[in-house]
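Hi everyone, thanks for coming.

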Amino acid sequence: MSTSRTPGFFTAAAAIILAASALGGTAVAQAAGNNDHQANPGSGNHQELDTSLADAFNGVDRNTNWQQTSKLKLNFPTYHTEGIAYSQDHIFLSAVQILEPTKKFPTPQDGFDRTPGKGIGHLFVMDKAGNLQKDIILGEGDMYHPGGIDFDGTNLWVPVAQYRPNSSAIIYRIDADTLDVHKQFEVADHFGGIVMDKKTGHLVGNTWGSRRFAEWDLQGKQLSTWENPNYFIDYQDCQYVPNSRMLCSGITNLPQTAAAGGAGATYELGGMAMIDLKSHNVIRDVPFQQWSTAGHVATRNPFKMTADGNHLTMTVAPDNGDEGNGTEILTYQATVTPAQ
C-alpha cells in the first residue's frame with residue numbers, strides 16, 4: 001500500500017478502472033535469487049503526517065453505507081487471488097496456482113499438520129485498465145503461496161510461504177518501477193501478509209490465520225513478536241496507515257445449521273480492522289457484508305483503501321479466476337464522519 005499517493009488517488013483510479021479491459025501480453029519473470037538486503041533508502045525511516053485514512057476509518061461502523069461504484073473483470077487466468085496494491089503506474093495482484101492440493105495428516109508429522117502440496121506463486125502486473133503486463137513467478141520449493149502485499153511508495157513487499165501453518169516463508173522486495181525482484185530474507189513460519197512501517201522502516205507480518213505478528217528489520221532480524229488479541233476475523237491483506245498503524249481486511253468461516261445451509265455449510269463473515277503497531281492493540285474493527293458475483297464476502301482476500309477527506313474508497317478482488325464471472329476488482333465508496 002502506498003501512503004505516498006495523494007489522498008484522491010483511488011478515486012481517480014476507480015474512474016480509470018471503468019475503462020474496458022483487454023488481455024495484455026504475458027511475460028514470465030523468474031524471481032532473482034540474489035539475497036539483496038538493501039532496500040531503497042526512500043522506503044522507510046521517515047514519518048508521514050497524513051492521518052486522513054486513520055481518521056476516516058475511525059468513522060466507519062456497522063451502519064456505514066458502502067456503495068459499489070465499479071467492477072473491473074480481469075481477462076487472464078488469476079487462480080486464487082491473495083493481495084492487491086497500487087503504484088502510480090501499475091496494479092499488482094498476488095495469486096497462487098494450485099497444482100496439487102495439500103492433504104491433512106491423521107496426526108501431525110515432523111511438526112506439520114498437512115502435506116506441502118505443490119503450486120506456483122504469481123505476482124500479476126497490470127496497467128490501470130486491468131491489462132496484464134507481466135507475470136512474475138515467485139517462490140522456491142514448498143514455498144509457493146504469496147500472501148497479502150504492501151507498496152511503500154518505492155518497493156512492493158510480498159511474502160511467499162508454504163501452504164501450511166508453522167512452516168516457512170520468503171520475503172520478497174520488488175521495485176515497482178523496474179520490476180526487479182530481490183529475495184530479502186527467509187523466516188521460519190508461515191507469514192501470509194506484510195506491511196512496511198514507514199515510521200520505523202521495519203516490516204511487520206502476520207502468520208497463518210493472523211494469530212501472531214512479527215516485526216523485522218530489513219536484514220530479517222526479528223525485533224518483536226506478539227499474539228493477536230482479536231479473534232473477530234483472520235486478516236488476509238493489509239496496508240500501512242500513518243502513523244504506525246496497519247489496516248487489514250479478512251474473513252471468518254462460521255458453521256451454519258443444517259436448516260440454514262445444509263450439512264457442512266459455512267457462512268463467510270467479513271470485516272476490517274485497524275491495528276496500532278506500537279501498542280499492538282486493535283483500535284477499531286467493523287463487519288463488512290457485501291458480496292461478490294461468486295457469492296463470497298467482499299473482504300475475502302485482496303483489499304486496499306484510501307481516504308479523500310471523509311470519503312473512503314475501497315478496492316477488493318474476492319473471487320478466484322474459476323469462480324462466478326472470474327476475478328473482478330470491485331470498488332466501493334462511502335462517506336463517513338471522521339474521528340475528532
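Let's start with a definition: helices (H or I, at least four residues) and strands (E, at least two) are DSSP runs, numbered from the N terminus. With that in hand, Thr 313 is found in strand S23, residues 311-316.

Some ground rules next. This is a predicted model, where local features need pLDDT of at least 70 and side-chain atom pairs count only at pLDDT 80 or more, while totals for chains, interfaces and linings use all residues. Residues are numbered from 1 along each chain as its sequence is written, and side-chain values use heavy atoms, with hydrogens and water left out.

How confident is the predictor? pLDDT is its confidence in each residue, from 0 to 100. The chain averages 88, and 85% of the residues score at least 70. Over residues 1-38, though, the pLDDT is below 50, and this stretch has 107 contacts in the model beyond near neighbours in sequence. A contact, by the way, means heavy atoms within 4.5 Å. Residues 40-47 also stay under 50, and there the model has 19 contacts beyond four places in sequence.

Now the overall picture. The chain has three helices and 24 strands. Of its 340 residues, 57% are buried; buried means under 20% relative accessible area, exposed over 50%, and partly exposed in between, with a 1.4 Å probe and protein chains only. Take the contacts between residues at least 6 apart in sequence: 59% of them join residues at least 24 apart.

Let's go back to Thr 313. At 1% relative accessibility, Thr 313 counts as buried. Its side chain and that of Gln 333 are joined by a polar contact of 3.4 Å. A polar contact is a pair of N or O atoms within 3.5 Å; within protein, one must be able to donate a hydrogen and the other to accept it, and residues adjacent in sequence count only if both atoms are side-chain atoms.

Next, please find His 122, in strand S7, residues 118-126. Is His 122 buried or exposed? At 4% relative accessibility, His 122 counts as buried. Which side chain makes a polar contact with the side chain of His 122? That is Asp 135, at 2.9 Å. Leaving out residues up to four places away in sequence, His 122 touches several others, including Tyr 79, Leu 93, Ile 137 and Pro 146.

Tyr 79 is in the loop between S2 and S3, and its phi is near 60°, a positive value in a residue other than glycine. Why point that out? Most residues other than glycine have a negative phi, and most peptide bonds are trans. With a relative accessible area of 29%, Tyr 79 is partly exposed. Leu 179 also has a positive phi, near 65°. Leu 179 sits in the loop between strand S12 (169-175) and strand S13 (181-187), and at 13% relative accessibility it counts as buried.

As for peptide bonds, the one from Pro 242 to Asn 243 is cis, with omega near -10°. You'll find Asn 243 in the loop between strand S18 (234-241) and strand S19 (245-255).

On to the rings. Rings of Phe, Tyr and Trp (its six-membered ring) pair if their centres lie within 6.5 Å; planes under 30 degrees apart count as stacked, over 60 as edge-to-face and the rest as tilted. How many aromatic pairs does the structure hold? There are 10. In one of them, Phe 76 and Phe 124 have ring centres 5.1 Å apart and planes at 65°, so the pair is edge-to-face. This pair links distant parts of the chain: Phe 76 is in the loop between strand S2 (67-73) and strand S3 (80-86), and Phe 124 is in strand S7, 48 residues apart. Phe 76 and Phe 124 are both buried. Elsewhere, Trp 66, Phe 288 and Tyr 332 form one aromatic cluster.

Last stop: Gly 147, in the loop between strand S9 (143-146) and strand S10 (150-151). At 1% relative accessibility, Gly 147 counts as buried. Gly 147 and Asn 301 are 154 residues apart in sequence, and 9.0 Å apart in space, C-alpha to C-alpha.

Notes. pLDDT is the predictor's confidence in each residue, from 0 to 100.
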